[in-house]
Amino acid sequence: MTNPPSVRALITGNPVALAHAVVGDAWTQLILREAFYGVRRFNEWSDALHIPRTVLSGRLKRLVDNKLLESVVPEGRKRAEYRLTAMGVDLFGIALMQGRWERDYAPSPMQSRYDMVFYDAASGERLDPVVLNGVGGATIDPYQVGWEAGPGLVEREAPAQRRWRSKPPPIDRPMIDRSVKIIGDYWSWLVVGCAFFRLRRFEEILSAAGMAPNILSDRLSRLVAGGVLERHAYQSGPERFEYRLTQSGRGLYPVVLATHGWSLRWLCDAADPPLSLIDRKTGERLHPVVCDSRTKMPIAAKATRWVMQNPASARRALPDAD
C-alpha cells in the first residue's frame, strides 16, 4: 500500500505550487502582462515598469530558460526581441481571472473609474472569462471538488526569492497592478494554498510550507491587510490565532483553478500529475480551462481586444444578456 504524501509534499509539490515556482513573483507577472500588451523590447519593459535593469535582465533570462519567452533577432536588426511562446501565451487566462479578482476584491482608485472590457477581435462580441472543466465543459462547483495524490507528489524546494524592494511601477495600465502587491510572490501563494487545504494555524503553515518564521509572519500580515485572510483567536494566555480565508480569499479559487489547469498542460505529466482535482459527483479528473462563458471556447490572447469604459456608461452601452 502506497504511503500517503507528507503535508509538505501536498503544499509544495502540487501543480499550483509548481506553477508559482515559475511565475509566482510580482515582477515576472508584470513583465508577462506587458508582453500581453505587445511589449517585446528590453527598453519598453524598463520604461513601462520602472524596473531596475539588472532585475529585468534576470527575469527575462529566467522566462526564456523556462520557455515562456523566446529571444528572437528580427531580420535587419541587431537587438533581440522577446516573444511569448505558446506556453507563455497560455498564461493569459490566469491573468484574466486574476484581473477579475482584482476588480471585485482589490479595487484601486484608478479601477473605480472604469471597467476593463474584453472583446473577441473577429466577432466584436464581449467576452466573459470563466473557468470550465475543459473546452466546452461546465463550470466547476468549488464545493464538489476533491483531490487525489499521484506518485509524483513529493516535497519541493522553494525557488530563489527576493522581496520586492524596488519602487512600485506606476499604475498606468489596468490588470493585476493591485493584486501583485498582495499575492505577488511564491510564499504568499503557498500560504493561500495552505488555507485552501484548511491549514490555519501558524505552526501548521510553518511546517507545511517550510519557510522561515519571519517570512511567514510577514506574509500573514500582508494577506490579512489585503483582506485575503482574517484572524480568529482560538486560545488566550498566550493569545493565538487561526488564519481563515475571507470572502475575498475564497474569491481567488478561479485563479487557483486556472493555474492548476495551466500547470497540468505545461509542467506535469498529463496522464499522471502529482495531484489531480476530482469531481466528487462523477469521480472524474478536472481539467480547468479559462473560456468565454457564451461560446465555452478558450479565450486566445492574440484574438482579444480590450477597452476601458466608465462603469456607468459601460453598463448602459453593454447590458447583460438575459
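Here are some questions and answers about this predicted model.

Me: How many helices and strands are there in the protein chain?
Reply: Let's start with the overall picture. The chain has 322 residues, and 48% of them count as buried. Its secondary structure comes to 14 helices and 10 strands.

Me: Of the contacts between residues at least 6 apart in sequence, what share joins residues at least 24 apart?
Reply: A contact here needs heavy atoms within 4.5 Å. Take the pairs at least 6 apart in sequence, then keep those at least 24 apart, and the share is 70%.

Me: Is the salt bridge between E34 and R33 made by buried or exposed residues?
Reply: The two side chains meet at 2.7 Å, N to O. The cut-off for buried is under 20% relative accessible area. E34 has 0% and R33 has 2%, so both residues are buried.

Me: How do D65 and K61 count, buried, partly exposed or exposed?
Reply: These side chains form a salt bridge at 2.8 Å, N to O, and both sit in helix α5 (residues 53-65), four residues apart, about one turn of the helix. Exposed takes over 50%, with partly exposed lying between that and the buried cut-off of 20%. D65 is at 48% and K61 at 54%, so D65 is partly exposed and K61 is exposed.

Me: Which elements does the salt bridge between R219 and D185 link?
Reply: The closest N and O atoms of R219 and D185 are 2.8 Å apart.

Me: Are R219 and D185 buried or exposed?
Reply: Buried means under 20% relative accessible area. R219 comes in at 5% and D185 at 6%, so R219 and D185 both count as buried.

Me: Which residues are linked in a network of salt bridges?
Reply: The structure holds 17 salt bridges. Some of these join up into a network, and its members are R40, R41, R77, E81 and R83.

Me: What is the volume of the largest cavity?
Reply: Rolling a probe the size of a water molecule over the atoms shows where empty space is left. The structure holds one cavity of 30 Å³ or more. Its volume is about 180 Å³.

Me: Which element gives the largest share of the lining of the largest cavity?
Reply: Of the 14 lining residues, the closest to the centre are V23, Q29, I94, A95 and Q98. Elements giving two or more residues are α2 (15-23), α3 (26-36), α7 (92-105) and α13 (253-266). The largest share, four residues, comes from α3.

Me: How many residues of the lining of the largest cavity are nonpolar?
Reply: Sort the lining by class and you get four polar residues and one charged residue. The nonpolar count is nine.

Me: What covers the buried residues of α4?
Reply: In helix α4 (residues 42-49), the buried residues are F42, W45, S46, A48 and L49. After the helix comes H50, with a positive phi near 55 degrees. The cover over those buried residues includes α3, α5, β1 (69-72) and β2 (81-84).

Technical notes: Residues numbered from 1 in each chain as written. Predicted model: local features only at pLDDT ≥ 70, side-chain atom pairs only at ≥ 80, totals over all residues. Heavy atoms only, no water. Buried < 20%, exposed > 50% of the residue type's maximum accessible area, 1.4 Å probe, protein only. Salt bridge = Lys/Arg side-chain N within 4 Å of Asp/Glu carboxyl O. 1 Å grid on protein atoms, 1.4 Å probe; cavity = no way out; pocket = protein on both sides within 12 Å on 5 of 7 lines; lining within 4 Å. Points joined across faces, edges and corners; volume = space filled by probe spheres on them. Nonpolar A, V, L, I, M, F, W, Y, C, P; charged D, E, K, R; others polar.
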